[in-house]
Structure formats: structure tokens, C-alpha cells
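Me: I would like to go through this fold with you, piece by piece. Could you take my questions as they come?

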Amino acid sequence: MHVIVTGGSSGIGLAVAKLYVARGARVSLLARDTGRLEAARAEIAALPGVDGAFIRTASVDVASAEQTTEAIKLCEASFGPCDILIASAGIVEPCAFDAMPTSVFDEQISINVLGTANAVRAVYKGMKSRRGGRIMMISSGAALIGIFGYTAYCASKSALEGFAEALSAEAGASGVKISICFPPDTMTPQYRREISLRPHEAKMLMGSVKPWSAEAVAAKIVHGLDRGKQRIHFGFSLTALAFFGPLIKPPLLWWFSRKTRKIFGREGGRGLADTAEQGFDSDK
């Protein structure tokens with residue numbers, strides 16, 4: 001079995017790769033940073049019982065369709081056709097929309113949406129011709145509800161849901177299985193950077209929620225793929241949003257809006273300092 005993982009040099013992608021290598025699969029890791037890829041390869045190869053010859057890396061910017069197609073061709077030439085694609089490559093740069101440079105917004109769309117589509121495109125025809133294969137797109141809990149400071153990220157991860165649903169309709173008769181998952185905050189190098197960039201208002205609105213480990217998220221993804229699940233949700237709150245969003249989101253978004261007005265000192269004469277002192281739970 002050949003598993004290709006984009007964004008495989010760290011975080012969820014790396015954790016998924018470890019699980020499949022432990023099963024004896026051949027795994028190809030794709031990411032931009034050559035140094036981090038080699039570090040990831042060494043980390044996996046050091047696991048007990050793992051044959052380093054079953055791990056391949058390719059430095060690629062998935063936002064480039066040409067680079068992605070060429071890299072996956074080389075991986076398939078080494079390890080055979082792709083049986084499972086884990087499209088995990090993604091970035092998040094939180095910032096209020098009116099303060100976000102165009103290039104930062106565009107990069108999140110390019111990598112999160114087009115990067116996923118480029119990876120899928122590179123394996124999809126081959127899977128169809130073989131009448132088999134599995135594709136997992138890594139979306140986010142941020143696809144389920146709009147979040148202050150995350151306009152680009154929410155837009156890009158929401159787009160993946162529509163992409164997966166439409167592609168699943170097309171792939172239904174071909175034997176190719178299309179899946180998507182919506183992970184919560186996950187302790188990864190990118191998450192640590194995201195937290196450092198998260199706008200103050202977003203921190204106050206979102207509060208502090210303990211992130212999942214990358215290993216726990218990866219285990220749920222692989223288990224879901226084993227069971228043939230099309231959609232994978234994490235935790236009670238995100239699962240409720242996914243299934244009952246039309247009922248839950250209106251009051252929740254109203255509460256966020258009211259809280260935002262308070263943060264900016266536009267309601268009740270209370271300013272930012274008063275709200276900050278009481279914290280996220282002050283309006284309970």
C-alpha cells in the first residue's frame with residue numbers, strides 16, 4: 001500500500017504517516033521545507049520495526065499544480081500507484097480582514113484550497129482507472145462557523161467541504177472514496193505560531209480550549225478511513241455544529257456579535273479594558 005501525505009513534515013500529516021508506516025505501508029511525504037522533510041523522515045525511520053526504505057520525501061509547493069503533479073509522479077514511480085492520499089498541507093495566518101495583506105489572504109486560499117485540489121488531481125485519474133483508492137481532505141473545525149480574525153482560513157477550509165461533497169458525487173461510480181475531516185485546535189508547530197499571531201479580540205471571543213494532540217487526531221482519521229467514513233468530526237461541540245449548525249449557529253453568532261461590540265466598547269459603556277479584565281466567560 002502506498003500512502004501519499006501532503007504537509008507530511010510535521011503535525012497531523014506526520015502523525016498519520018507514522019501510523020501507516022507502522023502498518024508496513026510505503027509512505028511519501030510532501031512538504032515545502034527540505035530540512036523539515038528530512039527530519040520527519042529520520043523521525044519515522046527511528047521508530048521500532050520501521051524500514052527507512054519505505055519512506056520517501058519530496059520538496060514541493062502544493063500551490064503549484066505543475067510541481068505537485070511532478071512530485072507525485074516521482075513518488076509513484078518509486079512506490080507504485082497511490083492507494084491513499086492524505087491532503088494535509090495547509091496554513092493559517094490569523095488577522096482581521098481589513099488589516100490582512102492581500103498576499104497573506106491569497107496564500108491561504110492557494111495552499112489550503114488549490115493545494116488540496118492539485119494533490120487530488122494528481123492521483124484521481126489513476127485511482128479512477130484502477131477503480132479504487134481513498135482520498136482524505138483535512139479541513140478544520142473553522143469550516144463549521146465563522147471566527148473573528150480567520151476570514152481567509154474559514155473561507156479556505158469551508159471551500160474544501162463543497163469540493164469534497166461534489167467530488168464524492170462524481171467519484172461514486174468509480175470506486176474512489178472521498179472523505180473529509182474537521183479537526184479541532186491541534187498541538188502542532190503551526191498551531192504554536194498561530195497562537196502567537198491570533199488577534200487579541202479573537203483570543204477573548206474564543207477563550208482557551210485545550211488542543212488535541214496530533215497523534216489523537218491522526219488516530220481518529222486513520223480509524224475513520226479504515227471504516228470508510230466520508231466525514232470525520234472531533235469532540236461534542238464540533239460534531240454538534242456539523243449536524244445541528246442551522247439551529248446552533250444563529251444564537252451562537254448573535255452571542256459572538258454582542259461580545260465583539262462589548263470588546264470594542266460600543267455597548268453598555270464598557271470598554272476593552274473592562275472586558276479584558278473579566279475574560280471570555282464574563283458574559284455567562
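**Helices, strands and cores**

Reply: Gladly; let us begin with a helix. The buried residues of helix 2 have a cover that includes helix 1 (11–22), strand 2 and strand 3. Please keep in mind that this is a predicted model.

Me: Which residues of helix 2 are buried?

Reply: They are L37, A40 and I44. These residues lie on the same side of helix 2, because the arc they cover around the axis is only 60°.

Me: And how far does helix 2 reach?

Reply: Helix 2 has 12 residues and spans 16 Å from its first C-alpha to its last, close to the 16 Å expected at 1.5 Å a residue.

Me: What unit does helix 2 make with strand 2 and strand 3?

Reply: Together they make a right-handed β-α-β unit. Strand 2 (residues 26–31) and strand 3 (residues 55–59) run parallel and are joined by five bridges. Within this pair, L29 stands opposite T57 of strand 3.

Me: Moving on to helix 3. Which of its residues are buried, and why are they said to be on the same side?

Reply: The buried residues of helix 3 are T68, A71, I72, C75 and F79. They are on the same side of helix 3 because they cover an arc of only 95° around the axis. On the other side of helix 3, E66, K73 and A77 are exposed.

Me: What covers the buried ones in helix 3?

Reply: The cover of the buried residues in helix 3 includes strand 1 (2–6), strand 2, strand 3 and helix 4.

Me: What is the span of helix 3, and what comes just after it?

Reply: Helix 3 has 15 residues and reaches 21 Å from first C-alpha to last, close to the 21 Å expected at 1.5 Å a residue. Just after helix 3 comes G80, with a positive phi of about 90°.

Me: Change of topic: where is H2, and is it buried or exposed?

Reply: H2 is in strand 1. H2 counts as buried because its relative accessibility is 0%, and the cut-off for that class is under 20%.

Me: What does H2 touch?

Reply: Leaving aside residues up to four places away in sequence, H2 touches R26, S28, C75, E76, F79, G80, P81, C82, D83 and I84.

Me: Now the nonpolar core. Which members touch the most others in the largest one?

Reply: The largest nonpolar core has 35 residues, and those touching the most other members are I4, L30, L85, V123, I135, M137 and I178. The elements giving two or more residues to this core are helix 3 (65–79), helix 4, strand 5 (133–138), helix 5 (151–171), strand 6 (176–182) and helix 9 (235–263). Helix 4 gives the most, with six residues. Apart from this core lies another, of 31 residues, including I12, I44, I84 and F234.

Me: What are the contacts of L30?

Reply: With residues up to four places away in sequence not counted, L30 touches I4, V5, T6, G7, G8, L37, A58, V60, A71, I72 and C75.

Me: What about strand 5: how many of its residues are buried?

Reply: Five of the six residues of strand 5 are buried. Strand 5 runs parallel to strand 4, and four bridges join the two. The bridge partner of I84 in strand 5 is R134. From strand 4 the chain crosses through helix 4 to strand 5, in a right-handed β-α-β crossover.

Me: And how is strand 5 joined to strand 6?

Reply: They run parallel, and six bridges join them. I135 has I178 as its bridge partner in strand 6. The chain crosses from strand 5 through helix 5 to strand 6, and this β-α-β crossover is right-handed.

Me: Last one: where is I91, and why does it count as buried?

Reply: I91 is in the loop between strand 4 (84–87) and helix 4 (102–130). I91 counts as buried because its relative accessibility is 11%, and buried means under 20%.

Me: What does I91 touch?

Reply: Not counting residues up to four places away in sequence, I91 touches R32, E107, Q108, I111, N112, Y153 and Q190. I91 and N112 are 21 residues apart in sequence, with a C-alpha to C-alpha distance of 6.7 Å.

Conventions. Residues numbered from 1 in each chain as written. Predicted model: local features only at pLDDT ≥ 70, side-chain atom pairs only at ≥ 80, totals over all residues. Heavy atoms only, no water. Pairing = 2+ DSSP bridges. Right-handed = clockwise from strand over helix to strand, strands pointing away. Buried < 20%, exposed > 50% of the residue type's maximum accessible area, 1.4 Å probe, protein only. Contact = heavy atoms within 4.5 Å. Core = buried A, V, L, I, M, F, W, Y, C linked by side-chain atoms within 4.5 Å. Expected span 1.5 Å × (residues − 1). Arc of directions from axis to C-beta.
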